[in-house]
There are 2 protein chains.
Amino acid sequence: MSYASPALNRLAEPSSLDGIAIPSLPDAAPCAVRGEVVVELSMRHAGTRALTLRYELQGPAGAPVVFVAGGISAHRHLAASGVFPENGWLNDLVGAGRALDPARRQLLAFDFVGADGRLDAPIDTADQADAIAQLLSALKIVRLQAFVGYSYGALVGLQFAIRHPARVETLIAVSGAHRAHPYAAAWRALQRRAVTLGQLQCADAQGLSLARQFAMLSYRTPEEFGERFDTAPEIVNGRVRVAAEDYLDAAGAQYVARTPVTAYVRLSESIDLHRIDPADVRVPTLVVAVEGDRLVPLSDSVALVEGLGTLGQLRVLRSPYGHDAFLKETDRIDSILTSALRAAGDPA
Amino acid sequence: MSYASPALNRLAEPSSLDGIAIPSLPDAAPCAVRGEVVVELSMRHAGTRALTLRYELQGPAGAPVVFVAGGISAHRHLAASGVFPENGWLNDLVGAGRALDPARRQLLAFDFVGADGRLDAPIDTADQADAIAQLLSALKIVRLQAFVGYSYGALVGLQFAIRHPARVETLIAVSGAHRAHPYAAAWRALQRRAVTLGQLQCADAQGLSLARQFAMLSYRTPEEFGERFDTAPEIVNGRVRVAAEDYLDAAGAQYVARTPVTAYVRLSESIDLHRIDPADVRVPTLVVAVEGDRLVPLSDSVALVEGLGTLGQLRVLRSPYGHDAFLKETDRIDSILTSALRAAGDPA
């Protein structure tokens, strides 16, 4: 790995985005900084690239650092703070009394390599792991107390535990395994085809929206849909419209508004490129699986844990939210994280 | 219901399609006829329409008649015969010694209303049932020994048993229930959106192909894909291509070659329009469910059987082929059909 010059490495900007100086915060308010680090990344399938890594770090200096990585649409902003008050993608799991309490530890997250849509090349989960290691070096963080990865973030965490084991004490990998399951990979491949079909004719947004709507079906479960959308279809303009279509429309539109097409395609691909040998993981790892996850079958989580040998532990949840349980079953996930972080050196 | 004139009602053409007279067949060879019946059908959502029903009837005159209806891409040609030697969609379940032995009974099937792509309007499963009743009248078939329905055909069979109970002794409904499950309906709605996205851009075939490929994922299971497609993805022209994509390409192309876009859209919709009250079914009904069917959850089959009361029975299969088990687990399905037809008056 080659690093950018130290001057470039930490462009922490402890101010809001519009440049207004932040007010002084009460002691209880956790501090947060955002910054960018320029690195040269030697990528598995895309050569060596100069990339800008965008991170956010929330919590008091000196506290243990936990890296948190989510699904392919997650980003560096985990949760609201005094500095960045908008809600983050993990808002419900971050807070006072939670395992991820920004008063007691530093929470670090970044925008995935490729998330800005500027890198139109295959991106490996190993690339993400190496980028995170470079980010830690730039931030002078020697070792993480934990890497908490969910979905795509779990895959990246496994790569990190293989490639940079000295830099993390424990890995918590939720809803992600050692490989992309062939059925889930096929599902994602078809989503990418929806994007391609849209792109053919400059209907990029429609293609991406449709891809996201198909993805939503893989993130959730028939149980949830059965509860939420059990009304008869309507005939609208001579076409049948089923109960879930309003919800799916909204999900597609929301996603299109914030996601570059290239980012979606390349990060979706990245999930399918993922393949590790669990025996190569050299960090204690808690695998959290959700029974009913339509993307990561329980059998793959079990195979992962078996491959981890004495370093692996398995927790299984049952949830109507399937693959999205991490974002929805927040109390149960928090309790799992609390136990895992306690084992990784927290005071009881 | 209004019938077409008797002269139109039976246009049985016991000749091959190119008009060449058929050779006389050995006694053992089951005879088969194809014909067309023009009917006026009062439809639930599409007014009264004059429609041409295309049927095929295989087996000796006078034998008990079993009506067989399959998924939305099934048609009137169930199996090869001396007269129509090409393979049918149900070839593996039809034959000497099978429950569906065309030497021992007459097997009747038709092309679903809408299958020719000429009816661009919502089609209800009740419409299909009424069309079948008219077909039976035209063919002077008073009563079926059994209605064997699989997938969409099971939904039509349930409607037939509600609307025309005097015309059928027993119903065997495989992989179909009293409603479209909301999750499966959402899945199909998105397939139809893929068609629409294609149509918008004059890429009809690509849209239909993509819809079919998504449908294939709902017909099969992760178990099967896990076995068949467990190889690493490739990078082809800078894009990730997963192991199942060749298979999905072929499935899409094959489907596009034989299916009018309108037929696909309207029959897909028809599944989602389906809703019956099981208590209205007045015919003994065997419900065959497949554990792991991603379109018809076991819980819906159980609810159907509970609603059928004393008329209902349930058989559950476990199969890696999921929704497609009827077409794949032919020995097990045959044994179920044999028992069911025996109960419906067959000699033991």
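The model is predicted: local features need pLDDT of at least 70, side-chain atom pairs count only at pLDDT 80 or more, and totals for chains, interfaces and linings use all residues. Residues are numbered from 1 along each chain as its sequence is written, chains are lettered from A and ligands numbered from 1 in the order in which they are written, and side-chain values use heavy atoms, with hydrogens and water left out.

Helix α5 spans residues 204-219 of chain B, and helix α7 spans residues 245-258 of chain B. Helices here are DSSP runs (H or I, at least four residues), numbered from the N terminus. The two pack at an angle of about 125 degrees, with axes 8 Å apart. Axes are lines fitted to C-alpha atoms over the stretch in contact, and angles run from 0 to 180 degrees between N-to-C directions. The crossing of α5(B) and α7(B) is right-handed; that is, the near helix is turned clockwise from the far one by less than a right angle, whereas anticlockwise is left-handed. On α5(B), the contact residues include B:Leu208, B:Arg212 and B:Met216. On α7(B), B:Tyr247, B:Leu248 and B:Val256 are among them. Contact means heavy atoms within 4.5 Å. The residues of this contact divide into 9 nonpolar, 3 polar and 3 charged. Ala, Val, Leu, Ile, Met, Phe, Trp, Tyr, Cys and Pro count as nonpolar, Asp, Glu, Lys and Arg as charged, and the others, Gly among them, as polar.

Helix α5(B) also meets helix α4 (residues 182-200) of chain B. Their axes come within 6 Å and cross at roughly 165 degrees. The pair is therefore roughly antiparallel. This crossing is right-handed. B:Trp187 and B:Val195 are among the α4(B) residues in the contact, and B:Leu208 and B:Phe214 among those of α5(B). By class, the contact has 9 nonpolar, 5 polar and 1 charged residues.

Now follow α4(B) to helix α8 (residues 261-273) of chain B. Here the axes come within 10 Å and cross at roughly 160 degrees. These helices, too, are roughly antiparallel. Their crossing is left-handed. Contact residues include B:Arg188 and B:Val195 of α4(B), with B:Tyr264 and B:Glu269 of α8(B). The classes are 7 nonpolar, 3 polar and 4 charged.

Next, the domains of chain A. An automatic or database assignment sets the bounds. Domain 1 covers 2-178 + 277-343, and domain 2 covers 182-271. Their C-alpha centres lie 26 Å apart. Across the boundary, 29 residues of domain 1 are in contact with 24 residues of domain 2.

Conventions: Angles under 35 degrees count as roughly parallel, over 145 as roughly antiparallel, 65 to 115 as roughly perpendicular and the rest as oblique.
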